[in-house]
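Have the model open as you read.

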Amino acid sequence: MLEYTDVSELRGPLLVVRGTSGVGWDEAARVVLRSGEAEEIRNGLVLEVDRDIAVVEMLEGTEGIRPGDACVRFAGETLHIPVGPGWLGRVCNGRGEPVDGGPPIFGVRRAPVSGFPLNPTHREPPAEPVITGVSAIDALTTVVRGQKLPVFSIAGLPHLELATQVAAQASVGDEPFSVVFAGMGLTHLDTSAVRDALEMRSAAGELVLLLNTADDPVVERILTPRIALTVAEYLAFDMGRHVLVVMADMTAYAEALREVSAARGEIPGRRAYPGYLFSDLASLYERCGRIREVPGSVTVVPVLTMPAGDITHPVPDLTGYITEGQIVLSATMQDAGIYPPVEPLSSLSRLMRKGAGPGRTREDHFDVAAQTLAALARARQARELAELMGEDALSATDRSYLSFEHAVEQRLLNQRRDEARTLDETLDRAWEALRVLPRRELTMLPTSVLEARYVGPSAGR
C-alpha cells in the first residue's frame, strides 16, 4: 500500500494531500501520525479528488496533526464495516467502535457504509404495524413496517425521551425484532440517559446503540446514521428480522453536513446548507423498506428539531418531501402538561391504512382513528368559539366536544414516560373519549361497531 507524505493543508476537519494517483471518491484512508517512535492511526474518507490532489475528511478530527509528521494510506475501497449478529447488545460510539468495555465487533462479512439503494422493482409495499406502546402514535399515526416516519420537534420539547421510549418499547408481536438507535450530537447527560433507558433491551440482545456526542468530531456525525443503516440492513435482509432504526437528531446531522460543506468552500444553498442536502437525506431515508420474498424489514423513525419551530426550515421541509408523514410535537401540548406532547391534527401517517384495521391490528382501529381526528377538529372550532363568546354561549353539543377534547388529552394522549400500552388498551381509551359525545355525532363509525362498543349519552340516540 502506497504512502503519501505530501500533506499540504489542514482546513477544519479536512486534510489535503498532493501527489496522489489512482485515488477515488469516497475511498477509505488511514492517516499515520508519527511522533518520535510512537505512531497514531486515524481514519478518513476521500471527499474530493482533483488531478493529483485528494481532500480527506478526518473521522477523528485534525487536532494535533502536523503536516510534516503525517502520511496517508488509501485503502482502494470505500469504508466498510463488519456486519453480523455480533452487533446486537453492543454500545458503540458514532464510528462503530465499542465503548461498553467488550471486545471488538466481528462480522460474517464486510459491508460498505454508503449502502446500496433498493431496486424499486424489488420493493414490497410497507404493511403490518410496528406497535410502539405510545398511544398517541399507535392510535392515530400508526408506524408501518418499512415506513419512514419522522418526528418533528422544537428545542426544549422531550423528543429525545420520546425517541428513547419508542426504542425501548416497540415490538412486532412474536416475530424477530431489533432496534438500532443512532444518537447524533448528544450531550453526555443525554447519552447517559439513553443508555440507562435502553439497558434492558440491550441486555436482551435486541438493541444496537450508536452514540455520537456533541464534542466528538463533526465528521463522525455524518457517518453515524450510515453505520446504523448498514447494520440494520444486514439484520433485516440477511437475518430476516424486523428492524426499527431511530435516528436523533437529524438536525445535528444536517448542521454537520453544512459545516463540512463550508470547509470545502462549496457554494451554499438555502440557509447556508449545501445544495445537495435533499439528495443526501434521501440517501439515508430511502434505505428503509421491504424486499419482495425477504421476511425482514427496515423501518426508520428520524427525529429532528425545527429551529425556532419553523416547519419550512430546510431540514424538516426536505424531510417532509421524502418521508411518508410526520409526528409533530407541540409546545402548546407540553404547556398543558401532556406527555408525549403530540399534536394529533398536525400529525399524519400516510401508510397507516396499510398497517391498521382488520387482519392487522383491530377491526375498529382505522374507523376509531378517523372519528377521533374529525371530532378533535370540531372540538378546536368549539374552543375558538368559546374564547370569543364564552363557554356559556355554546350549545350542549359544542360543550360535549370540549369535554371530548379534554378526555382525549388526559385518557388517550397523556401517559407516563415508562408506560407501554397494548394496542387494545390504547383503542379502549379512545372509546372512553368517544363515549363523551352523543351517538349522532359519531358519523364515521359503522353501525355494527357502534352497536358493539358505544355506551354514552342518551341524547341523539
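Helices and strands here are DSSP runs, numbered from the N terminus: a helix is H or I over at least four residues, and a strand is E over at least two. This is a predicted model, where local features need pLDDT of at least 70, side-chain atom pairs count only at pLDDT 80 or more, and totals for chains, interfaces and linings use all residues. Residues are numbered from 1 along each chain as its sequence is written, and side-chain values use heavy atoms, with hydrogens and water left out.

Start with Asp-26, in the loop that runs between β3 (14–17) and β4 (27–35). Asp-26 isn't a glycine, yet its phi is positive, at about 70°. Is this residue buried or exposed? Asp-26 counts as buried, since its relative accessibility is 17%; the cut-offs are under 20% relative accessible area for buried and over 50% for exposed, with partly exposed in between (1.4 Å probe, protein chains only).

Now hop to the loop between β19 (297–305) and α8 (314–322), where you'll find Ala-308. Here too phi is positive in a residue other than glycine, with Ala-308 near 60°. Ala-308 is exposed, though, at a relative accessible area of 86%.

Next up, the peptide bonds. Which residues does a cis bond with omega of about 10° join? That would be Ala-248 and Asp-249. Asp-249 sits in the loop between β17 (242–248) and α6 (250–264).

Another cis peptide bond links Tyr-339 to Pro-340, with omega of about -10°. To find Pro-340, look in the loop between α9 (331–335) and β21 (348–349).
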